[in-house]
Amino acid sequence: MLSLIGGLMGVAAGVGGSYLFNELGTMRTELVTESIPLAFGAAAVVGIFFGYYPATQAAQLDPIEALRRE
């Protein structure tokens, strides 16, 4: 869920920033629509990996040993 929200916020910030830079800056910006799913997919992959991998590592630990190390 965090990956989904973060990806949507990132896409919104990128599109909004591109529009704002186009209006306020001296250079013309152009939004490539194929980059939006690519950016969202990259955010999803990173979010899923860094959420899933530590969770599976923690699930393999013995609860008593994990608490003892803290």
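Predicted model: local features only at pLDDT ≥ 70, side-chain atom pairs only at ≥ 80, totals over all residues.
Visitor: Okay, how many residues does helix α1 have, and how far does it reach?

Guide: First the idea: helices (H or I, at least four residues) and strands (E, at least two) are DSSP runs, numbered from the N terminus. The expected span of a helix is 1.5 Å times one less than its number of residues. Here, α1 covers residues 2-24, so to speak 23 residues, and spans 32 Å from first C-alpha to last, close to the expected 33 Å.

Visitor: Which residues of α1 are buried?

Guide: Buried means under 20% relative accessible area, exposed means over 50%, and partly exposed is in between, using a 1.4 Å probe and protein chains only. In α1, Ser3, Gly7 and Ser18 are buried. The cover over the buried residues of α1 includes α2, residues 35-59.

Visitor: How do I read the crossing of α1 and α2?

Guide: Axes are lines fitted to C-alpha atoms, for helices over the stretch in contact, and angles run from 0 to 180 degrees between N-to-C directions. The axes of α1 and α2 come within 9 Å and cross at roughly 150°. On the α1 side, the contact (heavy atoms within 4.5 Å) is made by Ser3, Leu4, Gly7, Leu8, Val11 and Val15. From α2 come Ile36, Phe40, Ala43, Ala44, Gly47 and Ile48.

Visitor: What sort of residues are those?

Guide: Sort them like this: Ala, Val, Leu, Ile, Met, Phe, Trp, Tyr, Cys and Pro count as nonpolar, Asp, Glu, Lys and Arg as charged, and the others, Gly among them, as polar. The contact of α1 with α2 then has 9 nonpolar residues, 3 polar and no charged.

Visitor: What describes a pair of aromatic rings?

Guide: You give the distance of the centres and the angle of the planes. Rings of Phe, Tyr and Trp (its six-membered ring) pair if their centres lie within 6.5 Å; planes under 30 degrees apart are stacked, over 60 edge-to-face, and the rest tilted. That rule gives 2 aromatic pairs here. Phe49 and Phe50 are edge-to-face, at 5.1 Å centre to centre with 80° between the planes. Phe49 and Tyr53 are stacked, at 5.6 Å and 10°. Phe49, Phe50 and Tyr53 form one aromatic cluster.

Visitor: Where do Phe49 and Tyr53 lie?

Guide: Both are in helix α2, 4 residues apart, about one turn of the helix. Phe49 counts as partly exposed because its relative accessibility is 44%, and Tyr53 is partly exposed at 44% too. Phe50 counts as exposed because it has 59%.

Visitor: And where is Leu61?

Guide: Leu61 sits in the loop between α2 and α3, and it's partly exposed at 39% relative accessibility. Leaving aside neighbours within four places in sequence, Leu61 is in contact with Ala66 and Arg69. Arg69 lies in helix α3, residues 63-69, and is exposed, with a relative accessible area of 63%.

Terms used: Residues numbered from 1 in each chain as written. Heavy atoms only, no water.
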